[in-house]
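Here are some exercises to work through with the sequence and the 3D view open. Try each task on your own before you read the solution below it.

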Amino acid sequence: MATPSPADLIKADQEHLIHPLHHPMDHSEPLIFVKGRGAVVTDVQGREYLDGLAGLWNVNVGHGREELAQAAERQMRELAYFSNYVGSSNIPAITLADRLIGLAYKTMQAVFFTCGGAESNESAFKTARFYWKAKGKPDKVKIIARREGYHGVTGQAMSATGMAPYWKMFEPRVPGFLHIQPPYAYRFQGAKPGETVGQAAARELEEAILREGQDTVAAFIAEPIIGGGGVIVPPDDYFPRIREICTKHQVLFIADEVITGFCRTGQWFALTHWGVEPDIMSFAKGVTSGYLPLGGIMVNREIKDAIDTVPPDSRWMHAYTYSGHPACCAVGLKNVEIMERERLWENAARMGTRLFQGLKQTFGDHPHVGDIRGGKGLLAAVELVADRATKATFPAEQKVGPRVQAEMIKRGVATRTRGESVFFAPPLVITDAQVDRLIAVARDAVKAVLGV
Ligand SMILES: Cc1ncc(COP(=O)(O)O)c(C=O)c1O
């Protein structure tokens, strides 16, 4: 069968494929990607792009790893699938769970596998409620999340996600989810005199728990560094205080490490930067570097004990057909092996510093750059503003963010923007020269759109 032409592919796509966040206005000239190697992807026209966002913040070990393809093939030939429901198991799922517990926070005791981030957070919320019911506190059901947080878009995950455009056409949201301010230093409102942004943002959590009643709150969920909501890096005093508040008020702390896990921030998992440990951790993306879909939650010993000691008719009645999928777990194992062998957290830290310093040098005095965020591995953003003094944003109809993104694509760098924040989260194998190119292309693209 002859390969269809790019024009035929685009026509079939537009007629028959619905994309995430679909609107035809944003899909008139889709790029069709056909190949990837390292930090570079190639489209159907043969044009190459530096992958500025590691696919969707997930291709941590880079594109084109033969070993991962071989791991999937070997496992599929041996045993592609069998149920992992209670009473049966498989070797890759057992081995990967054991491996991950060895790599994660020392409080983590057991893993439940999912197929992605939203399923992981759904599992985390249900497990938090389960835990409190098992402990005789059935009214502890509410989940506190944060504005600008992104936790996926299935029912509960969407309700935890703190961005209204994700809700608008799908309301009503699941009841019992509420939002507080994130520690977004550049735009935080309401710190008291003498209070740091980290302290004030953490105070909002304590106030919300007290307002709602601690006996009604099951958990607080936070990304260690907010990803899709703007790459918001918290001040150092935030998470230690959050941990204290959660412990004090008996609220479980769920860390959504879907982006920040698996070496992205220069550590295996990001709360290590602040010496803090969660009760439940969600992961996905980097666990397989996107080669096959996989995610999961890890839970601490108390939660595992609760799962193990309830009577059978109160069991943890939660499941997915593909939980512990053998081929996905085999790829996860090989992926983790590559990260360890190549010590990818070290390159993430080194290149992350180069990226952050380079962005500060390039954009520090720029009249339309309000904030430059980064400094923890390969996760950074540049926030453009209409007026640096007032921090006023550009009118939405000027589409400054999307235009910068398009200018970057023209210059051979693929990344994404939210509002006027331009994101940088390349594969962890990126080189010095490629980091420098990301920055130079961002500078030229901003100049092309704003004239400076
Ligand atoms: C922090 C975070 N949590 C959850 C999700 C949802 O993951 P998925 O798209 O695999 O459902 C994402 C996706 O970008 C994410 O960034």
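**Exercise 1. Count the helices and strands of the chain, then check its overall dimensions.**

Solution. Start with the secondary structure: the chain has 13 helices and 15 strands. Keep in mind that you're looking at a predicted model.

Next, the dimensions. Along the principal axes, the C-alpha atoms take up a box of roughly 65 × 65 × 45 Å. A compact globule of 452 residues would have a radius of gyration near 22 Å, and the chain has 22 Å, so the two agree.

Now look inside. Of the 452 residues, 48% are buried. Take the contacts with a separation of 6 or more: 72% of them join residues 24 or more positions apart.

**Exercise 2. Find the domains of the chain and describe the side of domain 1 that touches domain 2.**

Solution. The domain assignment gives domain 1 as 31-61 + 343-450 and domain 2 as 67-341. Their centres, taken over C-alpha atoms, are 26 Å apart.

Second, count who takes part in the contact: 28 residues come from domain 1 and 27 residues from domain 2.

Third, pick out the elements on the domain 1 side. At least two residues each come from α2 (54-57), α11 (344-363), β11 (369-373), β12 (380-384) and β15 (421-424). The most come from α11, with five residues.

Last, sort that side by class, and you get 13 nonpolar, nine polar and six charged residues.

**Exercise 3. Work out the strand order of the open sheet that holds β11, and say which strands are at its edges.**

Solution. Walk across the sheet: the order of the four strands is β11-β12-β15-β14, and the pairing is antiparallel. Then look for strands that pair on one side only; these edge strands are β11 and β14 (417-418).

Zoom in on one pair. β12 and β15 are joined by four bridges in the antiparallel sense, and Ala380 sits opposite Phe424 of β15.

For another antiparallel pair, go to strand β1 (residues 33-37) and strand β2 (residues 40-43), which share four bridges. Here Lys35 faces Thr42 in β2. The hairpin of β1 and β2 has two residues between the strands, and Gly38 takes a positive phi near 60 degrees there.

**Exercise 4. Is strand β5 largely enclosed or open, and which strands does it pair with?**

Solution. Step one is to check burial, using the cut-off of 20 or more other C-beta atoms within 10 Å. Five of the five residues of β5 (residues 142-146) are buried, so the strand is largely enclosed by the rest of the structure.

Step two is to look at the faces. In a regular strand, side chains alternate between the two faces of the sheet. On one side of β5 you'll find Lys142, Ile144 and Arg146, with Ile143 and Ala145 on the other, and all are buried.

Step three is to find the partners. β5 runs parallel to strand β7 (residues 217-222), with three bridges between them, and Ile143 is opposite Ala219 of β7. β5 also pairs in the parallel sense with strand β6 (residues 177-180), over four bridges. There, Arg146 has Ile180 as its bridge partner.

**Exercise 5. Describe the shell around the ligand.**

Solution. Sort the shell by class: five nonpolar, seven polar and two charged residues. Then see which of the 14 residues come nearest: Gly116, Gly117, Ala118, Gly152 and Val258. Finally, ask which element gives the most; that's helix α5 (residues 117-134), with three residues.

Technical notes. Residues are numbered from 1 along each chain as its sequence is written. This is a predicted model: local features need pLDDT of at least 70, side-chain atom pairs count only at pLDDT 80 or more; totals for chains, interfaces and linings use all residues. A residue is near a molecule or strand if its C-beta atom, placed from the backbone, lies within 6 Å of it. Ala, Val, Leu, Ile, Met, Phe, Trp, Tyr, Cys and Pro count as nonpolar, Asp, Glu, Lys and Arg as charged, and the others, Gly among them, as polar. Domain bounds come from an automatic or database domain assignment. Two residues are in contact if their C-beta atoms, placed from the backbone, lie within 7 Å. The radius of gyration is taken over C-alpha atoms; the globule rule is 2.2 Å times the number of residues to the power 0.38. A residue is buried if 20 or more other C-beta atoms lie within 10 Å of its own, exposed if 12 or fewer, and partly exposed in between; C-beta atoms are placed from the backbone. Two strands pair if DSSP finds at least two bridges between them.
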